[in-house]
Amino acid sequence: MGKKVTVVGAGFYGSTTAQRLAEYDVFDTVVITDIVEGKPAGLALDLNQSRAVEGFETKVVGVTTGPNGEGYEAIEGSDVVVITAGLPRKPGMSRMDLLETNAKIVRQVAENVAKYAPNAVVIVVSNPLDEMTALAQLATQFPKNRVLGQAGMLDTARFTNFVAEALSVPVKSVRTLTLGSHGDTMVPVPSKSTVNGKPLRDVMPAEQIEELVVKTRNGGAEVVALLKTGSAYYAPSAAAARMAKAVAEDSGAVMPVCAWVDGEYGISGVYLGVEAEIGAEGVKRVVETDLDADELAALKEAAEAVRAKQGDVASM
């Protein structure tokens with residue numbers, strides 16, 4: 001049987017993710033759902049009409065869902081479900097400001113995913129990311145390796161882009177890494193960052209690295225402030241789609257994601273941004289990398305910050 005992926009939420013993030021997944025041509029079917037009547041069907045129709053131009057065969061199906069789970073039968077048999085549903089940030093809002101509103105939405109979506117796609121790997125992208133990933137696992141009751149969040153891929157991509165722009169070098173010549181939370185306790189990792197194979201610290205002064213670390217941490221807020229309505233979706237959708245592709249292909253690719261940490265780095269029992277090997281069962285294993293003492297301390301600090309909030313979502 002062919003591969004099937006569902007994208008829940010047909011806003012800019014969801015629709016762009018569905019487009020990327022369809023154009024990869026590794027799935028038989030991409031299902032896109034939304035609560036807005038007709039919108040997902042319209043997007044699916046439009047995307048299917050691009051197949052002849054872009055040369056892909058993946059079929060896109062759009063389904064309107066209702067408050068009591070109507071329409072979710074369309075996601076049956078999905079190998080991967082990407083949850084983008086929820087409100088985006090407005091200028092001046094932090095990701096945490098969305099906690100209560102998006103918790104209700106994500107819980108309802110996750111319960112329907114568990115009902116209709118019980119074997120799926122779930123990739124959460126709704127904000128606040130670390131908390132919504134924990135909530136999705138609680139609501140689905142899936143094994144923790146089958147629920148993960150998209151954050152580190154995006155934050156790492158932002159860090160890489162900022163370094164490449166600052167040094168006027170090709171993006172492909174830069175390697176960076178960002179761990180921790182998708183928020184104030186984000187942990188960019190300069191010790192693991194290189195430019196043309198040389199340590200970042202050898203080619204850029206410490207103050208400039210710190211400036212770019214701060215810029216990375218505020219990367220999403222900067223986009224939100226400029227857009228005025230809505231939040232980033234091109235880079236986030238690229239990150240989520242790559243994760244879904246790694247699951248579909250059982251590739252074993254190592255990616256920075258929000259995963260359940262149980263002993264790695266001396267941290268246990270929390271969803272946190274770490275590197276992980278991604279395959280058909282979601283997270284195959286968390287990959288520990290050698291961190292500087294200050295980076296490890298920052299990662300442990302991030303773990304405690306998100307642990308407190310993840311405890312809160314259990315009752316939402």
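Tutor: Thr 176 counts as buried because its relative accessibility is 11%, where buried means under 20% relative accessible area, exposed over 50% and partly exposed in between, for a 1.4 Å probe and protein chains only. The model is predicted, so local features need pLDDT of at least 70 and side-chain atom pairs pLDDT 80 or more, while totals for chains, interfaces and linings use all residues. Residues are numbered from 1 along each chain as its sequence is written, and side-chain values use heavy atoms, without hydrogens and water.

Thr 176 is placed in the loop between β7 (174–175) and β8 (178–180); strands are DSSP runs of E with at least two residues, and helices are runs of H or I with at least four, numbered from the N terminus. The side chain of Thr 176 makes a polar contact of 2.7 Å with the side chain of Thr 160. A polar atom of the Thr 176 side chain also lies 3.1 Å from the backbone oxygen of Thr 156. Beyond its neighbours within four places in sequence, Thr 176 is in contact (heavy atoms within 4.5 Å) with Thr 156, Phe 159, Thr 160, Val 163 and Ser 193.

Attention may now turn to helix α6, which spans residues 152–167. In α6, Met 153, Leu 154 and Arg 158 meet Ala 235, Pro 236, Ala 239, Arg 242 and Met 243 of α10. Helix α10 covers residues 234–248, and the axes of α6 and α10 are 8 Å apart.

Over residues 154–308, the chain is 45% helix and 26% strand, and the end C-alpha atoms are 24 Å apart.

Technical notes: A polar contact is a pair of N or O atoms within 3.5 Å; within protein, one must be able to donate a hydrogen and the other to accept it, and residues adjacent in sequence count only if both atoms are side-chain atoms. Axes are lines fitted to C-alpha atoms, for helices over the stretch in contact, and angles run from 0 to 180 degrees between N-to-C directions.
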